[in-house]
2 protein chains.
Amino acid sequence: MKIVILGGDGFCGWPTSLHFSKKGHEVAIVDNLSRRKIDVELEVETLTPITSIHTRLNAWKELTGKEIPFFNIDIAKEYYLFFSFVKDFQPDVIVHFAEQRAAPYSTLSERTKRYTVDNNLNATHNILCAIAESGKDIYLVHLGSIGVYGYHTTEMQIPEGYLNIKVESHSGELINQEILYPPDTESIYHMTKAQDQLFFHYYNKNNGIRITDLHQGNVWGTQTQETRLDERLINRFDYDGVYGTVLNRFMIQSAIGYPLTVYGSGEQTRAFIHIQDTARCIELAINNSPKKGEKVQIFNQITQVHRIKDLAETITIITGGEVSYVDNPRKDIEDKENEFFVAKECFLSMGLKPIFLEEGLISEIHDIAGKYQHRCDRSKILPPRWT
Amino acid sequence: MKIVILGGDGFCGWPTSLHFSKKGHEVAIVDNLSRRKIDVELEVETLTPITSIHTRLNAWKELTGKEIPFFNIDIAKEYYLFFSFVKDFQPDVIVHFAEQRAAPYSTLSERTKRYTVDNNLNATHNILCAIAESGKDIYLVHLGSIGVYGYHTTEMQIPEGYLNIKVESHSGELINQEILYPPDTESIYHMTKAQDQLFFHYYNKNNGIRITDLHQGNVWGTQTQETRLDERLINRFDYDGVYGTVLNRFMIQSAIGYPLTVYGSGEQTRAFIHIQDTARCIELAINNSPKKGEKVQIFNQITQVHRIKDLAETITIITGGEVSYVDNPRKDIEDKENEFFVAKECFLSMGLKPIFLEEGLISEIHDIAGKYQHRCDRSKILPPRWT
């Protein structure tokens, strides 16, 4: 199959690209290297020593004989370049990771807010427009976010995308309807993912584009079977206060002997998935595509739900060290306690065998946080205090 | 009050600007003249001979002594210019008409699709961002569209923005919730209005911005009390197949002795409002603003609902002539029959006394379509056939 990975140089895109290349698919990466450039802007580096995109790709070819062409295209800004690439490459599937993906970055300043909106919305729309214009049946798989549902405490289980409701008719009868789950987002980043859903609904209905939207949780873990093959293939590990997720922060704090900083009470519940499972889920989504004429398919791409304080305690049990409860320095997400009941049956029913935190965490702490701790800039671990 | 009208040179913006200037408010117009430039692109002209923005504004000053400053700013592209204008002018209210507003134009080509998305979404976001950055309590009134609700036949009444639903809890109990009415849009244009709602929800919740979103129906009529004062103040009348709305097409067809072309069965139902009532509704929305901390306020800005075939027949009763039923040439809106029960109590309860079609139509046919029929380009009345 011909598979294009948009954002294929990024944290999720890179291991996914290798995963499909390994399986014998014809893979192409489109990326404008924006994630590396944001590192320059934030004056941080991934803890792991990632190599340049061409070094990575040459190493992959040397090790496996497989070639992955790379196209530096800004999808949000260079529509015609992207469209001519699509016409030439003729993909069967486009996997869309090409959005600014950090909630804290999306609320850092007026500039990062406007960049996130402009980039994410125009990128998604340009992709849909190019597929429609191509006249080909190109299947789109998009990385959404579990955060589109909102983190409010709810007495009901969050479904996979669609919600069955009852509304009153003229005559006072209750009518059943299926609607897209009403979004309630906590950051500009999550808002753009909710807005993406409206793009998908329209282009699916109007142009018959087959689409799967994956509402992914916090991704943890660094390496996959493929990125472990050679250090030149290593994946990113972000530990800084803007791009680093909570689990990475805990691991690096533990490695350098600092207290693990839990924001607020730690009673917040979040959904998680291992990076290896991200690649597997994309593969399952490709192998289980909707048929022509079917509505947008939505899956929750999560495997476990944890309380933040439990995560911190699990790590201190493995490594020693202590937990420190601090005021929430982030303005984009509230630190209030919540329950989070989220349906996750779809991928399990397709055969996903998840990597659970309990089994993957120890190697992650030793092989990544421990091994590369000398590369850590301690001043970057906590987020900047927003005004 | 200091009121900024974004898109103040356009069909709704111009009469609204004069309406507030007449009432003694300090009005400023921000517009990039995009609507006039699209006329150039489509090779059409408004039926009425509108004058240039400075001729209009000078005439207004000559007639009333009132000055309305004009700022040529592209809000979607020139954020910093717009932000410095906001800081200098210090408006109490911003009225936002600055979006590409024709559904047919928004689906004409890949270029107009992408323009509509890029312009409308970045414009709305830049405005919200500028208000948030200003640190001032600037009230935003936005022109939405009744089309965000979708035109599907429904057994229930479409509410003003929010819908009460019942959903099942874990224990199988029915829980009441209030949600934003689930949008289901028929064009790229309407889709952007639904996406705007998510911007408003976020900035209202996160930054406390006070916002009213007005879901307006098809606007008919050309002149208001103010634009009638002098021919140099005359408002636009679009009759072409892309920007002209159904009623204008019928009037010009009637004036030049052509059959009135009804698309499909004519059983489609649409919501209408007179241009004079648009200005009055904006005024009511300003006088009835939500309080700090209140959610986004949504009103349906419509006064009547009509079937298309009834409109055509009403006109032929006044003017003679005949009705011709043709296949729908538009790809953006389906021509299927629908019922359309829409709540419209909010503005009526605030005191709106609507101008009904029955009273305003005859003068519109004589004073506009009849008077300026010599300016009509007959080749432009039907929409281009989309491929």
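In this predicted model, helix α7 (residues 188-207) of chain A and α7(B) have axes that come within 10 Å and cross at roughly 165°. Since angles over 145 degrees count as roughly antiparallel, α7(A) is roughly antiparallel to α7(B). The crossing of α7(A) with α7(B) is right-handed. On the chain A side, the residues that meet the partner helix are A:Met191, A:Ala194, A:Gln195, A:Leu198 and A:Tyr202; on the chain B side they are B:Met191, B:Ala194, B:Gln195, B:Leu198 and B:Tyr202.

By class, the contact of α6(A) with α7(A) has eight nonpolar, seven polar and two charged residues.

| Helix pair | Crossing angle | Axes |
|---|---|---|
| α7(A) and α7(B) | roughly 165° | within 10 Å |

Turning to the interface as a whole, 34 residues of chain B are in contact with 34 residues of chain A. The elements of chain B that give two or more residues to this side are α6 (110-134), β6 (162-168), β7 (174-180) and α7 (188-207). Of these, α6(B) gives the most, with 11 residues. The side of chain B that touches chain A has 18 nonpolar, eight polar and eight charged residues. Because 100% of the interface residues of chain B are also interface residues in chain A, the copies meet through the same surface.

Chain B contains an open sheet of seven strands in the order β3-β2-β1-β4-β5-β8-β12, with parallel pairing. Its edges are β3 (70-71) and β12 (297-301), each of which has a single partner strand, so one side of each is left without a neighbour in the sheet. Strand β1 (residues 2-6) and strand β2 (residues 26-30) of chain B run parallel and are joined by five bridges. Here B:Val4 stands opposite B:Ala28 in β2(B). Helix α9 (residues 275-287) of chain B lies across β4 (93-96), β5 (139-145), β8 (211-216) and β12, and runs at about 155° to β8(B).

In chain A, three strands form an open sheet in the order β9-β11-β13, and the pairing is mixed. The edge strands are β9 (218-220) and β13 (304-307), each with a single partner strand, so one side of each is left without a neighbour in the sheet. From one strand to the next, the twist averages 45°. Four bridges join strand β11 (residues 269-274) of chain A to β13(A), and these strands run antiparallel. A:Arg270 has A:His306 in β13(A) as its bridge partner. Helix α9 (residues 275-287) of chain A packs on this sheet and touches β9 and β11 of chain A; the direction of the helix makes about 75° with that of β11(A).

How values were computed. Residues numbered from 1 in each chain as written. Chains lettered and ligands numbered in written order. Predicted model: local features only at pLDDT ≥ 70, side-chain atom pairs only at ≥ 80, totals over all residues. Pairing = 2+ DSSP bridges. Contact = placed C-beta atoms within 7 Å. Axes fitted to C-alpha atoms, helices over the stretch in contact; angles between N-to-C directions. Nonpolar A, V, L, I, M, F, W, Y, C, P; charged D, E, K, R; others polar. Parallel < 35°, antiparallel > 145°, perpendicular 65-115°, else oblique. Left-handed = near helix turned anticlockwise from the far one by under 90°.
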